Each structure stands twice: as C-alpha cells, then as structure tokens.
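Hi everyone, thanks for coming. Have a look at the picture I'm putting up, and then we'll walk through it together.

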Amino acid sequence: MARTRLQKCTACGEYGLGEECKDCGGKMITVAPLKFSPQDAQGARRRQRENAGSDEWIQKLPTPRKGDEEE
Ligand SMILES: [Zn+2]
C-alpha cells in the first residue's frame, strides 16, 4: 500500500489527500507529517499533565466489556 502524504491547501488551509483542495479547489502542498517517536518522548510529560493512573483518568478510558468474556 502506497504511503499517503498529507496535503494542505495553500488557499484555505484545509487538509486533504488529493492534489486539489476538496473544499475550494486550491492547490495542495505536501506537508511534513507530525513528528512521531515510537519512544514518545513527550509521553511522560503528557501523561503527567493528564494525571494518568489516577482514578479520574481511569474513568475517562474506554471501558472494556468484561461481561462478554466471562460467559
Ligand atoms: Zn482549500
């Protein structure tokens, strides 16, 4: 599968994948993908900010459906 590059409209700033903006038909340019580190250098700081691990944080996580597994 070909790698798709994120494009950005030079006219309106809309993001898309084509060469022309689907919104205004303006010219799209390739934008650099967001830097992503598998090590997630910012992760620790981010998790700290979100207070990861706290009860409040756990409440915000999607809840696994435990009932189905036990049957
Ligand atoms: Zn546009």
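Let's start with a question: of the contacts in the protein chain with a separation of 6 or more, what share comes from residues 24 or more positions apart? The answer is 9%. Please keep in mind that this is a predicted model.

Now for the parts list. The protein chain has 3 helices and 3 strands.

The 3 strands form an open sheet, ordered β2-β1-β3, and their pairing is antiparallel.

Let's zoom in on one pair. Strand β1, residues 7–9, pairs with β2 in the antiparallel sense over 2 bridges. If you find lysine 8, its bridge partner in β2 is tyrosine 15.

And finally, burial: the protein chain has 71 residues, and 4% of them count as buried.

Methods:
Residues are numbered from 1 along each chain as its sequence is written. This is a predicted model: local features need pLDDT of at least 70, side-chain atom pairs count only at pLDDT 80 or more; totals for chains, interfaces and linings use all residues. Two strands pair if DSSP finds at least two bridges between them. Helices (H or I, at least four residues) and strands (E, at least two) are DSSP runs, numbered from the N terminus. A residue is buried if 20 or more other C-beta atoms lie within 10 Å of its own, exposed if 12 or fewer, and partly exposed in between; C-beta atoms are placed from the backbone. Two residues are in contact if their C-beta atoms, placed from the backbone, lie within 7 Å.
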